[in-house]
Amino acid sequence: MATLPPRVLRPASPSDLEALERLEEVCFQERRFRRDHLSWILHHPSAFTILDEDRVLRGAVMALTEAESVRILSVAVAPPFRRRGVGRALMEAAEAFARNRGARALRLEVGVSNTAAIALYRSLGFRASGLYGLGTKQVFAGAGAFKHRQAARSRSMASCGFSGVLFLYLFRQIGL
Ligand SMILES: CC(C)(COP(=O)(O)OP(=O)(O)OC[C@H]1O[C@@H](n2cnc3c(N)ncnc32)[C@H](O)[C@@H]1OP(=O)(O)O)[C@@H](O)C(=O)NCCC(=O)NCCS
């Protein structure tokens, strides 16, 4: 595989809106952020977006600062640049930013079938804290043994008539 040109990470500005919209389109088949969502994130004082760019936008991570944690809203890498460390570098940059803001934890939600993203998060030390189904009010706590429980959860949700997407809550402690 060709060597990746030097990584250039920088904070996004509102003028990156169109490039971010294109990145969403090539990275997500469904539940992607619309232009107005992206614009909200780019303008919100508690949100931050970090880009990996070398002439073209290779990837981006978007996050929101909450009470004592930072919530990762999205991480996405354009298909030609995947499996070359861009996603990891973006997540590490988000973590460094979160630490500087005094956050004690990172958290995020990911579809249980998104094996690439889950592998990335696990390799960074994220642990499962819960499981929920879109369209249900039910939240399952303590999914530490999520692999073993997932099948049983899915079966019990199916028996309740649930047929939507299952999401996993992940967190990573970054402070004392
Ligand atoms: C998930 C995503 C951001 C990963 O970005 P990436 O730049 O390819 O990830 P990296 O190259 O930094 O990978 C770091 C590690 O994550 C894991 N990983 C990443 N992609 C993987 C895959 N397809 N299969 C298995 N493991 C994977 C590996 O452990 C990898 O380390 P390795 O390459 O040394 O084995 C990228 O696949 C993507 O944009 N997917 C579509 C958008 C998306 O689903 N975002 C997550 C929303 S919650």
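**Ground rules**

I number residues from 1 along each chain, in the order its sequence is written. The model is predicted, so local features need pLDDT of at least 70, side-chain atom pairs count only at pLDDT 80 or more, and totals for chains, interfaces and linings use all residues.

**Confidence**

I looked up pLDDT, the predictor's confidence in each residue, from 0 to 100. The protein averages 85, and 78% of the residues score at least 70. Residues 138-162 fall below 50. Beyond near neighbours in sequence, that stretch has 28 contacts in the model. Two residues are in contact if their C-beta atoms, placed from the backbone, lie within 7 Å.

**Overall build**

I found 5 helices and 8 strands. Both are DSSP runs, numbered from the N terminus: helices are H or I with at least four residues, strands are E with at least two. Along the sequence the pattern reads β-α-α-β-β-β-α-β-α-β-β-α-β.

How much of the protein is buried? Buried residues make up 27% of the 176. Buried means 20 or more other C-beta atoms within 10 Å of the residue's own, exposed means 12 or fewer, and partly exposed is in between; these C-beta atoms are placed from the backbone.

I also looked up contacts between residues at least 6 apart in sequence. Of these, 64% join residues at least 24 apart.

**The core**

The largest nonpolar core has 35 residues. Such a core is a set of buried Ala, Val, Leu, Ile, Met, Phe, Trp, Tyr and Cys residues joined through C-beta atoms within 7 Å. Ala60, Val61, Leu90, Ala94 and Leu170 have the most contacts inside the core.

Where does this core lie? Domain 1 (1-103) and domain 2 (109-176) both give residues to the core, so it lies between them. The domain bounds come from an automatic or database domain assignment.

I picked out Ala94 next. Not counting residues up to four places away in sequence, Ala94 touches Ile50, Val61, Ala63 and Ile72.

**Strand 4**

Arg71 lies in strand 4, residues 69-77. Arg71 is partly exposed, because 19 other C-beta atoms lie within 10 Å. Beyond four places in sequence, Arg71 is in contact with Ala63, Leu64, Glu66, Arg107 and Leu108. Arg71 and Ala47 are 24 residues apart in sequence, and their C-alpha atoms are 9.3 Å apart.

Leu73 lies in strand 4 too. Leu73 has 18 C-beta neighbours inside 10 Å, so it counts as partly exposed. Beyond four places in sequence, the contacts of Leu73 are Ile41, Met62, Ala63 and Leu64.

**Strand 8**

Phe171 lies in strand 8, residues 166-173. Is Phe171 exposed or partly exposed? Phe171 counts as partly exposed because it has 18 C-beta neighbours inside 10 Å. Leaving aside neighbours within four places in sequence, Phe171 is in contact with Ala105, Leu106, Arg107, Phe126, Arg127 and Ser129. The C-alpha atoms of Phe171 and Tyr121 are 9.0 Å apart, though the residues are 50 apart along the chain.

**Two positive phi values**

Most residues other than glycine have a negative phi. Arg55 has a positive phi of about 70 degrees. Arg55 sits in the loop between strand 2 (47-54) and strand 3 (56-65). Arg55 counts as exposed, because it has 7 C-beta neighbours inside 10 Å.

Arg83 has a positive phi of about 60 degrees. Arg83 is in the loop between strand 4 and helix 3. With 9 C-beta neighbours inside 10 Å, Arg83 counts as exposed.
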